[in-house]
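Please open the model in your viewer and keep the selection tool at hand. The tour below goes from one selection to the next and says what to look for at each stop.

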Amino acid sequence: MNQMLLNALLLALRAIRRNLMRSFLTVLGIVIGVGAVITMVTLGNGATRMVSDQISSLGSNLLILRPGQQLGPGRESAGAANFRLTDVEALQAQIPSLRAVAPVVSSRVTLVVGSQNWSSQVSGTSNAYFTAGNWKIGAGRSFEEDEETAGKAVCVIGDTVRKQLFGSGSPLGGELRVKNFTCVVVGLLAAKGQGAMGQDQDDVVLMPIRTVQRRLTGNQDVSTVMLSMRDGANADQVMVQIRRLMRERRKLAESEEDNFNVMDTKQIAETLSGTIRTMTGLLGAVAAVSLLVGGIGIMNIMLVSVTERTREIGIRLAIGALEHEVLLQFLIEAVVLSALGGLIGITLAFVACLGLTALMNMPFLFNPGINLLAFVFSAVIGIVFGYMPARRAASLDPIVALRYE
Amino acid sequence: MTQNDVGTLLISLRKVTKTYGEGTATVQALNGVDLDIGQGEFVAIMGPSGSGKSTALNILGCLDAPSSGHYLFRDIEVDALTRNQRALLRRHYLGFVFQGFNLLSRTSAQENVELPLLYRGEDAAHRHEASRRALAQVGLTGWEHHTPAELSGGQQQRVAIARAIVTQPLVLLADEPTGNLDSKRGHEIMELLVSLNRDQGITVIMVTHELDMAAYASRVVRFADGNVGSDSMKVAA
């Protein structure tokens, strides 16, 4: 039995070597199909994960309140009044489902440290921002109460700002010139990386909101409010409560539309991930077609060689091979070729995914399921198209197989 | 029957028929053939096209099964054997040479000759040695690693003969072995067959329609209309 298997293996390898071109084309068909499917699906998975990671780094259960109507074509958002700090206090006091309510007012300014300067976004906010925005203090501390109420010139900086202005030295206690005043760095934010829209989330400087209002914007406006809900809170209900409260505070009549809008980041995340999942499915389908085309290619190669192979089978039978010995040889041939193709395909896909994910700043998620599926599918195609014609030929009388035209 | 003085009875066909096709398209290729062949004979089977001579050879070589009748090979009832048993009979006792050579393409002469030994489960060293010896016997020393495409027709037929005799078969069956060769190569092949028959005692059964090739045989069986028409022994030269 072992001897027979060994012989069949030897014969199969000889047959592969003897028909290098045919073997190569068979393997190529499988390589392309398997490689394409795995690459597409892996990249799609990576993109989905990237977006959901970025959205969740925004903060969990995060709602964003902005002045103006909902964004969209034909909607006018300019002209609507900004919020006040009293609005923020009211939201915090009257809606118990909110864990943290952070006012935000931003301004783009040039920062100077010694001879280094860097243009960045300065946001005035409160300590609630760290909770709402899911930020962690990497070094130093957040704001103290008197710093917030008095609007002192202190700041917490993002990692990109640290790199640009302080290099490898510690920024804590360092002084940062912002326009016409100097502020002391009291904290450093833990790095977050790229945001959902590709922006650098770490390129940020946070100050107490009163500091920014007094020294940079020169008014009492709050342009954005970030609201973090408690775990288990119903986002729809909370949004209704916020709307009711804000309509009341802004004295909107029954007939007037909202002049502000509330966004649920989770909803945005779901929409985005859903879109990417659809794209992944589409790419996967395209790749599946290429796998199918590869399979048809293999089928053609096998059918073209059927005459030659039928005669070969006739010869083997005539000189004393048993039917199952011939079949075993053909089966091994098909298995070796499709397994080889599958493995090369998987390897190439692995390398391609590694390169492409690095290029696109995406996480590389190795998906064993799709690798296995593509491999099994290619093996089945190879075996069906390699083995089935042989099975028919081997069941013929040797003399019929020999005379096959 | 006069062949008994050549050797013991090896092959015996009794009332063998072979029918191809069905219904109105039926062709009666063999029509109750009786034929005995003794060990060590050199038999040429002749006859016009459609006389059933090739069909008879295929049945003798167990490549094809008779529709009815009996085939006794030594003391084996061939018509009672299964497909696999007939394959084993071919493997151990029979060797084939075809008009179209039927070598595996893109495969070296030596690997072609080794093939029957592989199916017999011989080890690599013995396969090597036996195939080289067989190739030497047909005068192809030095051509072991050439593929059929690199060999002339005569050389290809010699490889085929080497493949047939490498297992030291009892019977060598040849279906128009010189049909695709010019007459000079044809005569060389015939001399090779004669020497195998004479020196190694291999029984040779050959289908041919060329009288000068049939002249090498010690016995000529003529087929006509699916049956044996005449059967003549040649007086030893």
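Predicted model: local features only at pLDDT ≥ 70, side-chain atom pairs only at ≥ 80, totals over all residues.

**Chain B as a whole.** Select chain B and colour it by secondary structure, which comes to seven helices and ten strands. Taken along the principal axes, the C-alpha atoms of this chain fill a box of roughly 50 × 40 × 40 Å. A compact globule of 237 residues would have a radius of gyration near 18 Å, and because chain B has 18 Å, the two agree. Of the 237 residues in chain B, 49% count as buried. Among the contacts in chain B with a separation of 6 or more, 70% are made by residues 24 or more positions apart.

**The open sheet of chain B.** Next, select the four strands that form an open sheet in chain B, in the order β2-β1-β4-β5, with antiparallel pairing. At the edges stand β2 (27–38) and β5 (76–77) of chain B, each with a single partner strand, so one side of each has no neighbour in the sheet.

**Where the chains touch.** Bring chain A back into view and select the contact between the chains, to which chain B gives 20 residues and chain A gives 20 residues. On the side of chain B that touches chain A, α2 (83–93) and α3 (109–119) of chain B each supply at least two residues. Coloured by class, that side of chain B shows eight nonpolar, five polar and seven charged residues.

**The domains of chain A.** Turn to chain A and colour its two parts separately: domain 1 (2–54 + 270–402) and domain 2 (98–229). A line drawn between the C-alpha centres of domain 1 of chain A and domain 2 of chain A spans 56 Å.

**Helix α3 of chain A.** Finally, select α3 (residues 85–94) of chain A, whose buried residues are A:Asp87, A:Val88 and A:Leu91. If you look down the axis of α3(A), these buried residues fall within an arc of 100 degrees, so they line one face of the helix. The partners against which the buried residues of α3(A) pack are β2 (98–113), β9 (224–229) and α8 (235–249) of chain A.

Methods
Residues numbered from 1 in each chain as written. Chains lettered and ligands numbered in written order. Contact = placed C-beta atoms within 7 Å. Nonpolar A, V, L, I, M, F, W, Y, C, P; charged D, E, K, R; others polar. Domains from an automatic or database assignment. Pairing = 2+ DSSP bridges. Buried ≥ 20, exposed ≤ 12 C-beta atoms within 10 Å, placed from the backbone. Arc of directions from axis to C-beta. Rg over C-alpha atoms; globule rule 2.2 N^0.38 Å.
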